[in-house]
Amino acid sequence: MTKKKYADAPADVPGGSPAAKPAASAGGRPRDPAIEEAIIQATRTRLAIDGYSAMTIGDIVADAGVTRPTLYRRWANKYDLVVDALQYGLRKQREAYPPLDMEQMAPRKALVEAVRRLDPRYHNKRAMALHGNFMAEAERAPDLLEQMREYGNRPRCEELLLTLVSLQRRGAVREDVDLDMIVTLCFGSYFGDYLRIEREVPADFAERVVDAVWPAVAAHGEASSV
C-alpha cells in the first residue's frame with residue numbers, strides 16, 4: 001500500500017455555519033429566527049423533491065408561509081439561499097452527534113463511531129436525494145456540487161481522517177496505510193448500500209464496515225481487538 005503521512009492534517013474539523021447569513025436590516029428591525037428556520041426548511045424540502053433548477057422562490061415562500069420581500073431581505077438569490085441551507089444541514093447533523101471523546105475510546109470503537117458519523121442520512125433522511133440532485137445539476141450549476149463537497153462531505157470525511165491519524169499516532173493503525181483510500185471506501189459504502197438496497201441504514205452498518213476494513217489497517221496485535 002502507498003505510504004501516507006498526515007503530520008499536517010487539520011487540527012480540527014470545521015463546523016457548520018449558522019442557518020443563514022442575512023443582510024443587515026435596513027430599518028434595524030430585529031429578525032425573527034423562526035422565519036429564517038421556516039425558509040431554510042422549505043428550501044431543503046424543495047431541493048430534495050424538485051432539485052435546484054426546478055425549485056422556485058415562489059414555491060419556497062409559499063411552503064414557508066412568508067412573502068418574497070421577506071425572503072429577499074435575508075438572501076439575495078436562490079443560490080445563496082441553497083448554500084446556507086446546506087450549511088444549516090451540516091450544523092444540525094453535527095449537533096445530533098453524541099458528545100464523545102474518541103481519543104479516550106478503544107481504537108476499533110473509535111473507528112466505528114467515526115464511520116457512523118460519515119452517514120449522510122445521520123440527521124436528514126433526504127440527504128441521498130440531495131446528493132443525487134446536485135450531481136444531476138453538475139453541468140448546469142457546477143458550483144452546487146462543489147458546495148455539497150465543501151459543506152457536506154469534506155467535514156464528515158475529515159473527521160474520519162483525523163480519527164485514523166490519531167489511531168496511527170497511538171500505534172493502532174499501520175503507518176503504511178493509504179488513509180485517503182480508507183476514507184473513500186468507508187464513505188462510499190453508504191452510497192453503495194443506498195443504491196443497491198432501498199432501506200433504512202442498518203443499526204450495525206458502521207460496525208460491519210469496520211469489520212471489513214479493520215484487519216487491513218490495524219497494526220500488529222490490534223487486528224483481533226474489539
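Mentor: What follows sets several computed values for this predicted model against the definitions behind the terms.

Trainee: Why is Ser 189 called buried?

Mentor: Its relative accessible area is 18%.

Trainee: Which residues is Ser 189 in contact with, leaving aside its neighbours within four places in sequence?

Mentor: They are Phe 205 and Val 209. Contact requires heavy atoms within 4.5 Å, so each of these two residues has a heavy atom within that distance of one in Ser 189.

Trainee: What makes the space of about 140 Å³ a cavity?

Mentor: A 1.4 Å probe fits in a cavity but cannot get out. The count of cavities of 30 Å³ or more is 1.

Trainee: Which residues line the largest cavity nearest its centre, and which helix supplies the largest share?

Mentor: Of 15 lining residues, Arg 44, Gly 89, Leu 90, Asn 124 and Arg 156 lie nearest the centre. Helix H4 gives the largest share, 5 residues; H4, H6 and H7 each supply at least two.

Trainee: How do you know that the lining of the second largest pocket has 7 charged residues?

Mentor: Asp, Glu, Lys and Arg count as charged. The lining includes Asp 119, Arg 121, Lys 125, Arg 126, Glu 198, Arg 199 and Glu 200, so these are the 7 charged residues. The other classes comprise 4 nonpolar and no polar residues. This pocket holds about 170 Å³ of space.

Key. Residues numbered from 1 in each chain as written. Predicted model: local features only at pLDDT ≥ 70, side-chain atom pairs only at ≥ 80, totals over all residues. Heavy atoms only, no water. Buried < 20%, exposed > 50% of the residue type's maximum accessible area, 1.4 Å probe, protein only. 1 Å grid on protein atoms, 1.4 Å probe; cavity = no way out; pocket = protein on both sides within 12 Å on 5 of 7 lines; lining within 4 Å. Points joined across faces, edges and corners; volume = space filled by probe spheres on them. Helix = DSSP H or I, 4+ residues; strand = E, 2+ residues; numbered from the N terminus.
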